[in-house]
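Hi there,

Here is the structure I promised to pass on to you. Have a look at it first, and then read on for what turned up in it.

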Amino acid sequence: MIIFRYLSREVLISTTAVTAVLLLIITSARLIKYLTEAATGKLDADFVLLVLAYRIPGFLELLLPLGLFLGILLGFGRLYLESEMVVLRACGVSHKRLVLYALGPALLISALVGVIALTISPWGVGEAKKIFAQQEARSELELLTPGRFQSQSDGRQVTYAHALNPEDASLNDVFIAQRNDNGHPVVLVAENARQRYIDGQGRFLVLGDGYRFDGQPGRADYSATRFGEYGVRLPEAQAAEINEIEAVPTTALWGASGSKEQAQLHWRLSLPVLAFIVTLIAVPMARTNPRQGRFAKLIPSIIIYLLYVTLLTATRSAVEDEEVGVWALWAVHLGFLALAANLIFADRFWEAVFSRIPSLPALGRGKKAKKEGSA
């Protein structure tokens, strides 16, 4: 039990550190994207951090298996490098028992990934999509940023407002350039503007105390019309439906028969299995010779993991396109489970193969040897 707790602590500490670093990198990149959308007016700045928080479970369902895989490689690799595994082997801890010890943290991470993938992640995606839908449904007046020229109505209108009066939500010193039904430019200038809803007609941006200028560039027959109030119809807000398959609750996917729904359901069920199988692969791959260095098998191990995830992703896309059945996803898992079993039970053969991997060059040690040779 003491050995189990010691090994579990090593694995969980390394897994937590690796996952935290990967999550920081992913969230930083996504935060930059959301800040860019907030700067262009597509997303309210008040919702940036909230949307990012809703998307974190979706990141963790993929980062946790990778963090566990790298955590075992780094944690067990350190024990091999410092000859602690030699001591454990001398105490009767076989390679098979080492795999059983590693399954403790693996079951914990697999259970956590299962909860996130089946419940928390779909809920987070749904909440994030609701926020984006609300932002897309905002009227053009609500998207207006005081002090900036903004293109609206697919480039057919440019609007500018000098300031926003927070007391009555009115705009001051408004400028609107648009084209009429004939394609001729129309310029509206007003001292103030506010939104008004008229029963049976919809929403209007009512301009007060201003001018309307009509005319064609290059001709002198411009007309200027002064008005006390002038209404510009605003497009009605359309509530965008959330059709993203990732936001569908898992309970709703059980009874669905569509290929996309089935692919999404079995993908969510595959993620805990992924965390379990990569553990079985990582334990034998973590075995290194102290002369080879701690990271001797890191690159081959990452290649195996990337191949695993790539095959799962490609198979999921094939299931969505109805090219293969959902059995193909589980066939990929069985293939890599067979690989893990081969690495575990044919450990002597693979130990002889991997022992031929050249050690990583040690820069400091090489310089020291060169100095001794010259002396």
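Asp209 is found in strand S5 (residues 202-214); helices (H or I, at least four residues) and strands (E, at least two) are DSSP runs, numbered from the N terminus. Its phi is near 55°, a positive value in a residue other than glycine. At 44% relative accessibility, Asp209 counts as partly exposed, given that buried means under 20% relative accessible area, exposed over 50%, and partly exposed in between (1.4 Å probe, protein chains only). Asp173, which sits in strand S3, also has a positive phi near 55° without being a glycine. Asp173 counts as partly exposed because its relative accessibility is 43%.

Before the rest, a word on the basis. This is a predicted model, so local features need pLDDT of at least 70 and side-chain atom pairs count only at pLDDT 80 or more, while totals for chains, interfaces and linings use all residues. Residues are numbered from 1 along each chain as its sequence is written, and side-chain values use heavy atoms, with hydrogens and water left out.

**The chain as a whole**

The secondary structure comes to 10 helices and 6 strands. Of the 375 residues in the chain, 41% count as buried. The accessible surface is about 20,900 Å², and 61% of that belongs to carbon and sulfur atoms (Shrake-Rupley method with a 1.4 Å probe; for residues, only the protein chains shown count as cover). Taking contacts (heavy atoms within 4.5 Å) with a separation of 6 or more, 60% are between residues 24 or more positions apart.

**Strand pairing**

Two strands pair if DSSP finds at least two bridges between them. Strand S2 (residues 157-165) and strand S3 (residues 170-179) pair in the antiparallel sense over 8 bridges, with Thr159 opposite Ile176 in S3. S3 also pairs with strand S4 (residues 185-198), again antiparallel and over 8 bridges. Here Val174 has Ala190 in S4 as its bridge partner. The hairpin of S3 and S4 has 5 residues between the strands, and Gly183 in this hairpin takes a positive phi near 85°.

**The cores**

Which residues touch the most other members of the largest nonpolar core? They are Leu7, Phe69, Phe76, Met85, Ile281 and Tyr308, in a core of 45 residues. A nonpolar core is a set of buried Ala, Val, Leu, Ile, Met, Phe, Trp, Tyr and Cys residues joined through side-chain atoms within 4.5 Å. At least two residues of this core come from each of helix H1 (2-39), helix H2 (48-81), helix H3 (84-90), helix H4 (95-136), helix H6 (259-285), helix H7 (298-320) and helix H8 (327-345). H6 gives the largest share, 11 residues. Apart from this core lies another of 12 residues, including Ile176, Leu188, Leu205 and Phe227.

Not counting residues up to four places away in sequence, Tyr308 touches Leu274, Ile277, Val278, Val332, His333 and Phe336.

**A serine in H4**

Ser110 has its place in helix H4. Is this residue buried or exposed? Ser110 counts as buried because its relative accessibility is 9%. A polar atom of the Ser110 side chain lies 2.8 Å from the backbone oxygen of Ala106. Leaving aside neighbours within four places in sequence, Ser110 is in contact with Pro272, Ala275 and Phe276.

Enjoy exploring, and write back with any questions.

Best wishes

Note on methods. A polar contact is a pair of N or O atoms within 3.5 Å; within protein, one must be able to donate a hydrogen and the other to accept it, and residues adjacent in sequence count only if both atoms are side-chain atoms.
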